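Subject: Structure handover

Dear colleague,

I am passing a structure on to you, and I would be grateful if you could look through it before reading my notes. They follow directly after it.

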Amino acid sequence: MNYLGIEYDIKNKPILDEGFIPFGVWAKAYLKGATNPIKIAVERENGLITVREYAIRSEEFAEANYRFVERMVKFLLWSVGGFKVYLQGADSIADQLAAAYCEGGEREFDYGFFHDVYEQWLQIIKCTEDTFPQANECAKPIGGHMDGCRIGFDAGGSDRKVSAVIDGETVYSEEVVWFPKITEDPEYHFNEIVTAFKTAASKMPRVDAIGVSSAGTFVGNSPMVASLFIKVPRERREEVKSIYDRAGAAIDPNIPLVVANDGDVSALAGAMGTGKGNMMGLAMGTSEAVGYVDADRNVLGWINELAFAPVDLSPEAMQDEWSFDFGVGCKYFSQDAVIKLAPRCGIELDPELSPAEKLKVVQALANNGDENALDIYRSIGVYLGHTVMQYCMFYDLETLMIMGRVASGVGGDLLLEVANKVIAEEYPEIAAHTNVCMPDEMMRRVGQSVAAASLPALA
């Protein structure tokens with residue numbers, strides 16, 4: 001197979017998406033003929049810098065060169081995060097990227113998103129060997145503290161969960177339906193969070209620490225971009241940024257409170273349940289949510305927003321209606337993937353149904369053995385198998401834990417089986433050290449809110 005003059009090969013193709021071009025597979029083929037060294041660095045808060053070294057091909061592969069570098073930069077931004085991109089050895093490509101990452105440019109969404117996160121405009125900077133920055137990483141421990149009386153709060157999009165945990169044992173837990181995504185007034189969110197904290201506090205003799213698992217991109221405890229607060233007007237953004245710290249202070253301003261991305265807390269829960277590190281949690285639900293802890297169960301300080309990271313290079317890839325990019329993760333590892341593939345196998349879904357309801361229709365068909373519905377999950381399994389190889393290019397992976405509504409039922413079991421088959425057949429070097437699985441009872445014994453409770457260390 002050929003894309004932009006680069007020959008690549010895959011044995012396993014998605015039954016319902018023959019045009020799928022796995023980014024990782026193509027990138028590895030591209031690099032085999034690349035001899036001109038380049039460096040890419042991405043800088044985020046506090047001077048933290050991630051550096052990657054690659055090579056590009058000769059000028060006759062100009063289109064492929066730009067595609068490779070542009071997709072690599074895109075993946076680094078959405079995995080690591082950042083507001084400065086440095087390039088050495090690719091000045092013309094840097095100019096093209098600068099024209100894309102700006103107001104009115106092809107990557108205007110990304111440009112605005114990272115401004116919201118870091119409150120600085122994204123820059124593309126051409127470098128020489130003398131001006132290219134040095135790597136500066138800082139992995140930090142996350143959670144695993146079980147001593148004392150703790151509150152664990154899990155802020156979901158449809159329900160909020162809270163647990164009261166004493167020396168590692170859950171003494172109380174509840175789930176309450178709430179409506180954060182459709183509410184404009186942040187006082188609603190604040191009052192709901194405080195109510196949950198107070199409920200858990202009432203079940204313990206004291207409160208020593210509070211841990212929060214929440215969807216969103218964070219700097220410290222501040223949600224810089226989070227779908228939970230999507231309806232809150234921008235002029236009230238400061239209230240959102242301080243919401244968890246203020247809620248903790250309403251219980252006791254002197255106790256430690258730590259907020260972490262829900263994906264990272266999911267990975268932490270898996271690591272606590274199994275005792276293993278180098279774990280990624282990948283939740284397939286409304287979108288794709290990802291978290292990661294390293295061998296020492298530390299977080300890297302990366303944003304891990306792989307819903308917007310490239311997966312598929314096909315010119316026919318589905319466009320994401322939010323970021324306007326094509327072939328990004330949220331269209332392959334979420335309910336959108338199921339809905340996208342359904343008409344390709346003859347399953348017509350009522351347009352009046354919500355996305356979640358459409359997913360349930362396909363899941364019911366799969367659970368009843370409908371081969372067309374099962375082909376959807378076989379195709380997603382192929383997507384996943386090839387993308388695991390790609391993720392291993394950026395993360396050290398020993399365990400990839402698959403979660404979320406899409407992965408439930410017969411279809412979920414099938415997609416996992418197919419993904420492992422693809423990995424075993426095409427990437428045996430990865431199969432030898434990476435286990436792709438779903439949560440078993442050992443993992444489930446540490447729930448999300450309990451893992452959240454373990455986030456703060458006691459003074």
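Buried residues, meaning those under 20% relative accessible area (1.4 Å probe, protein chains only), make up 58% of the 459 residues in the protein chain. Please keep in mind that this is a predicted model, in which local features need pLDDT of at least 70 and side-chain atom pairs count only at pLDDT 80 or more, while totals for chains, interfaces and linings use all residues. Residues are numbered from 1 along each chain as its sequence is written, and side-chain values use heavy atoms, with hydrogens and water left out.

The protein chain has 15 helices and 19 strands, these being DSSP runs numbered from the N terminus (H or I, at least four residues, for helices; E, at least two, for strands). Along its principal axes the C-alpha trace spans about 70 × 60 × 45 Å. Among contacts (heavy atoms within 4.5 Å) between residues at least 6 apart in sequence, 69% join residues at least 24 apart.

One helix pair deserves a description of its own. The axes of H2 (residues 62-80) and H4 (residues 108-118), which are lines fitted to C-alpha atoms over the stretch in contact, with angles running from 0 to 180 degrees between N-to-C directions, come within 12 Å and cross at roughly 30 degrees. The two helices are therefore roughly parallel to each other, a term that covers angles under 35 degrees. Lys74, Leu77, Trp78 and Val80 of H2 make the contact with Phe109, Asp110, Phe113, Phe114 and Tyr118 of H4.

Best wishes

Terms used:
Angles under 35 degrees count as roughly parallel, over 145 as roughly antiparallel, 65 to 115 as roughly perpendicular and the rest as oblique. Buried means under 20% relative accessible area, exposed over 50%, partly exposed in between (1.4 Å probe, protein chains only).
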